[in-house]
Amino acid sequence: MSTGPDVKATVGDISNDGNLNMAQEECSRKGFCSVRHGLALILQLCNFSIYTQQMNLSIAIPAMVNNTAPPSQPNASTERPSTDSQDYWNETLKEFKAMAPAYDWSPEIQGVILSSLNYGSFLAPIPSGYVAGIFGAKYVVGAGLFISSFLTLFIPLAANAGVALLIVLRIVQGIAQVMVLTGQYSIWVKWAPPLERSQLTTIAGSGSMLGSFIVLLVGGLLCQTIGWPYVFYIFGGIGCACCLLWFPLIYDDPVNHPFISAGEKRYIVCSLAQQDCSPGWSLPVRAMIKSLPLWAILISYFCEYWLFYTIMAYTPTYISSVLQANLRDSGILSALPFVVGCICIILGGLLADFLLSRKILRLITIRKLFTAIGVLFPSVILVSLPWVRSSHSMTMTFLVLSSAISSFCESGALVNFLDIAPRYTGFLKGLLQVFAHIAGAISPTAAGFFISQDSEFGWRNVFLLSAAINISGLVFYLIFGRADVQDWAKEQTFTHL
């Protein structure tokens, strides 16, 4: 990991204005072919893998609980005429499905299982972010990706062994996933020029929506054809394969990257020269506790992820129960909001950087405006859902619009911590993940409770509660949110706790 003096020495070899402008022109011609954008695409693939592993249980659990596949006949496959290949294939699929067991899990138990991914997650973000900030994110993220992917392969065995073991495995898997989701932001401290920060982070973050889209699109089809265990085998295997791409191609610092051009390296280093991003071993904990701008981001994270985890966990169930869609159609319909959200996340990041680079709006105005749009409109839309449930097309339109508009938060409050304290990015992202995972541990369980109490009005109560929490967080952020580097995040002498 390069230190502050190393960066200053590198900058010292460049004549500031002239070479920065030349490097900037060279990199602008490269566009998305630059190494930093390639890094964003690899992180997008990692996030894709992690979110397929987070979502696969949500799409598989209706098949795990309500498996209506008829029992296979012992000699059915051997008695079929060899000339009828289609009938033979159908019988083979039935045998695959018959091997997938069904479980008698109540809505409350299902809510606990879905939430268990977040139960232990609040223990790992702060250490993961701190370690990634000090020593680099390459091995923290890579190890988390491998552990989560490997454990995904064993979920069917854990489910057979019992609910307790499945919950324990999901807790460990959640901790590994936190290592990926938290540690990756330390990379952008050294790789993301300020005028490209929104687009690079949103390109990487869009992998979450892309992963959710793919697993929802094909998960139901896999469950109905070859059985729900293969949802875990396939996406766990993809995650393991991603590790082979991660370790040889990712470097924590552009200064050490073997494939980056000299012009791009100069541009990145010079653009970050005025920003103190060298992490320190000690933390200004007291100043952080007293920082209202930091609390504004923390509360906003909790409130926005409350809604996110509710939608992520229960979209397939809502479509299946309210729209009476079968498992395959439920997965396809559930995927639509996520693919639109994936596109809008990237477009939102590009728009935010465009407004900032053209000096149309100040950075704090962009953060607050995008957050307000991403909270208010989706909240109104979701609260309106119970009143349009009789129309399948309107229900799907509302779900898609909610996902598309809420993606603007990725260029708002959700990336704001990079603005106020770049030198503590790893630690702060870990702290933010704690709040996000606390929301993720509570919200699906609360949703399961409401739905089990009253199937008709339960969904209405779920959406009302989510909207109220989300808007409350927005109000606090609009009042206290800031985008300038805070005094406690600048290089100076602190009184540490």
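Predicted model: local features only at pLDDT ≥ 70, side-chain atom pairs only at ≥ 80, totals over all residues.
**View 1. Helix α16 from end to end.** Running over residues 292-322, α16 packs in 31 residues. From first C-alpha to last, α16 reaches 42 Å, close to the 45 Å you'd expect at 1.5 Å a residue.

**View 2. The bend in α16.** Zoom in on Tyr314 and you'll find α16 bending by about 55°. A proline, Pro316, follows within four residues.

View 3. Buried means under 20% relative accessible area here. By that cut-off 23 of the 31 residues of α16 are buried, so the helix is largely enclosed by the rest of the structure.

**View 4. The largest cavity.** The structure holds eight cavities of 30 Å³ or more, and the largest has about 570 Å³ of space in it. Its lining counts 33 residues, and the closest to the centre are Met209, Tyr305, Phe308, Glu410 and Leu414. Sorted by class, that lining comes out as 18 nonpolar, twelve polar and three charged residues.

**View 5. Who lines the largest cavity.** α16 gives the most to the lining, with nine residues. Other elements that give two or more include α3 (35-65), α12 (197-225), α17 (327-357) and α21 (425-453). Domain 1 (34-66 + 105-276) and domain 2 (284-492) both give residues to this lining, so the largest cavity lies between them.

Notes
Residues numbered from 1 in each chain as written. Heavy atoms only, no water. Expected span 1.5 Å × (residues − 1). Bend = angle between axes of the 7 residues up to and from the residue. Buried < 20%, exposed > 50% of the residue type's maximum accessible area, 1.4 Å probe, protein only. 1 Å grid on protein atoms, 1.4 Å probe; cavity = no way out; pocket = protein on both sides within 12 Å on 5 of 7 lines; lining within 4 Å. Points joined across faces, edges and corners; volume = space filled by probe spheres on them. Nonpolar A, V, L, I, M, F, W, Y, C, P; charged D, E, K, R; others polar. Domains from an automatic or database assignment.
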